Amino acid sequence: MALKTWSDWLEIHVNRSRARLFFISMSPTHLRGNEWGKATGENCYNETEPILREGYRGSGSTPRMMEITEAAIHELKSRGLTVQILNITQLSEYRKDGHPSIFRRQWVPLTEEQLANPTSYADCAHWCLPGVPDAWNELLYAYIFRY
């Protein structure tokens, strides 16, 4: 429904002769450490290496969502709007080590009790710079200057 609304809005509001359209896929999280060999209940906290298993896909990333997105973008193309997909999901799946974990700046500093149990407070959804988002920006830069 959201992609349909987005598609309809693009068709009405975008100047096809001037605009270049990009769609970035979802960013994965690394909340379930058992997916890459850690104990159940552990997450991205203290990770220092990427996942090296080729084709790894976390349970938070569903291929069906990408198929729906690709279908919506294909439909847009048939209506005269070309959208370039920046599929950062699989690329980012490997980088369980790229999250700020407990080291990001919190609204309120973590207490000693929270720091004693870091897996319950680790931020495994956001990304820290430099790192993963830089790769996304490099892809976007390459697409922009490719034409």
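Predicted model: local features only at pLDDT ≥ 70, side-chain atom pairs only at ≥ 80, totals over all residues.

Visitor: What makes Cys 44 and Cys 124 a disulfide?

Guide: The rule asks for a pair of cysteine sulfur atoms within 2.5 Å. The sulfur atoms of Cys 44 and Cys 124 are 2.2 Å apart, so the pair passes. By this rule the count comes to one disulfide. The angle about the S-S bond is -90°, and the link is left-handed.

Visitor: Which parts does that pair tie together?

Guide: Cys 44 sits in the loop between E1 and H2, and Cys 124 in the loop between H4 and helix H5 (132-146), so parts 80 residues apart in sequence are joined. Those labels are DSSP runs numbered from the N terminus, with helices (H or I) of at least four residues and strands (E) of at least two. Both cysteines are buried.

Visitor: Why is Ser 101 called buried?

Guide: Buried means under 20% relative accessible area, exposed means over 50%, and partly exposed is in between (1.4 Å probe, protein chains only). Ser 101 has 4%, so it counts as buried. Its place is the loop between H3 and helix H4 (112-116).

Visitor: And Asn 46, buried or exposed?

Guide: Exposed: Asn 46 has a relative accessible area of 56%, and the cut-off is over 50%. Asn 46 belongs to the loop between E1 and H2.

Visitor: What makes their backbone angles worth a look?

Guide: Most residues other than glycine have a negative phi. Asn 46 is not a glycine, yet has a positive phi of about 70°. Ser 101 also has a positive value, near 55°.

Visitor: How do you know that a space is a cavity rather than a pocket?

Guide: On a 1 Å grid over the protein atoms alone, a cavity is a set of points where a 1.4 Å probe fits but cannot get out, whereas a pocket is an open set with protein on both sides within 12 Å along at least five of seven lines; lining residues have an atom within 4 Å of a point. A search of the whole structure finds one cavity of 30 Å³ or more. The largest cavity has a volume of about 60 Å³, and its lining includes His 30, Trp 36 and Glu 93.

Visitor: How big is the largest pocket, and which residues are closest to its centre?

Guide: About 250 Å³ of space lies in the largest pocket, where a volume is the space filled by probe spheres set on the points, with grid points joined across faces, edges and corners. Of its 13 lining residues, Arg 20, Leu 21, Thr 82, Val 83 and Gln 84 are the closest to the centre. E2 gives the largest share of the lining, three residues.

Visitor: And the second largest pocket?

Guide: The second largest pocket has a volume of about 200 Å³. Of the 14 residues lining the second largest pocket, Met 26, Thr 62, Met 65, Met 66 and Thr 89 are the closest to its centre. H2 supplies the largest share of that lining, four residues.

Technical notes. Residues numbered from 1 in each chain as written. Heavy atoms only, no water.
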